[in-house]
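Here is a short briefing to read with the model open beside you. Please take a look at the sequence and the structure before going on.

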Amino acid sequence: MTTSASVSTGSEGAIHGGTVTDRLVEANARYAAAFTDPGMDARPVLRVAVVACMDARLDLHTALGLELGDCHTIRNAGGVVTDDVIRSLTISQRALGTRSVVLIHHTGCGLESLTEDFRHDLEMEVGQRPAWAVESFRDVEQDVRQSMQRVRTSPFLVHTDDVRGFVFDVKTGLLREIDPA
């Protein structure tokens with residue numbers, strides 16, 4: 001498998017005379033040249049929202065057998081259910097028809113090595129404490145359980161019967177379901 005990781009980059013993200021962003025814009029131009037409107041709206045065909053970590057090793061559509069238009073995908077550091085995730089899920093459910101929520105954390109997550117000291121360090125560096133919590137964790141399974149509980153108990157979400165949580169193994173590509181108990 002060829003990945004972008006094999007592309008050599010220089011300082012500041014430069015790639016052979018351009019930036020990473022230049023490369024992305026060029027790739028988009030090639031994509032748009034062959035693009036045809038799929039004729040779908042913003043409502044996911046499978047009526048599911050997937051909340052997952054932003055980790056670059058997770059190719060969610062391929063790993064879950066999803067096609068364009070099948071789901072809403074909400075990603076952040078750790079795949080943690082934060083207020084902003086609840087905001088996105090609320091819009092997904094109430095305005096765009098989703099009924100199921102799939103939560104995906106993964107092995108080897110960077111949040112397992114951080115603490116709330118990260119916020120303190122930022123405050124010391126920039127002179128302002130971030131308004132957000134780091135949401136670091138030591139036990140990925142327990143964090144999946146906590147995220148499931150946050151979804152199930154949110155007063156803003158109307159569809160909380162089909163909320164399931166998983167840990168994606170970055171070495172094998174397999175999902176392991178987490179019992180909410």
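The notes below go through the sheet, one of its strands and an aromatic pair.

Please keep in mind that this is a predicted model. Its open sheet has 5 strands in the order S4-S3-S5-S6-S7, and the pairing is mixed. Strand S5 (residues 100-106) has 7 of its 7 residues buried, so the rest of the structure largely encloses this strand.

**The sheet as a whole**

- At the edges you will find strand S4 (71-76) and strand S7 (175-178), each with a single partner strand, so one side of each is left without a neighbour in the sheet.
- On average, neighbouring strands of this sheet are turned by 25 degrees against each other, direction ignored.
- Helix H3 (residues 83-94) packs on the sheet and touches S3, S4 and S5. The direction of H3 makes about 175 degrees with that of S4.

**Strand S5 and its partners**

- Strands of a sheet pair through backbone hydrogen bonds, in either a parallel or an antiparallel way.
- With strand S3 (residues 48-53), S5 pairs in the parallel sense over 5 bridges. Here Val50 stands opposite Val102 of S5.
- With strand S6 (residues 162-168), S5 also pairs in the parallel sense, over 7 bridges. In this pairing, Ser100 stands opposite Asp162 of S6.

**Side chains along S5**

- In a regular strand, side chains alternate between the two faces of the sheet.
- Which residues of S5 point which way? Ser100, Val102, Ile104 and His106 point one way, while Val101, Leu103 and His105 point the other way.
- Both sets are buried, with Val102 being the residue that has Val50 opposite and Ser100 the one that has Asp162 opposite.

**The aromatic pair**

- How many aromatic pairs does the structure hold? There is 1.
- The ring centres of Tyr31 and Phe35 are 5.4 Å apart and their planes lie at 45 degrees, so the pair is tilted.
- Tyr31 is exposed, with a relative accessible area of 52%, and Phe35 is partly exposed, at 42%.

Key:
Residues are numbered from 1 along each chain as its sequence is written. This is a predicted model: local features need pLDDT of at least 70, side-chain atom pairs count only at pLDDT 80 or more; totals for chains, interfaces and linings use all residues. Side-chain values use heavy atoms; hydrogens and water are left out. Buried means under 20% relative accessible area, exposed over 50%, partly exposed in between (1.4 Å probe, protein chains only). Helices (H or I, at least four residues) and strands (E, at least two) are DSSP runs, numbered from the N terminus. Two strands pair if DSSP finds at least two bridges between them. Rings of Phe, Tyr and Trp (its six-membered ring) pair if their centres lie within 6.5 Å; planes under 30 degrees apart count as stacked, over 60 as edge-to-face and the rest as tilted. Axes are lines fitted to C-alpha atoms, for helices over the stretch in contact, and angles run from 0 to 180 degrees between N-to-C directions. Contact means heavy atoms within 4.5 Å.
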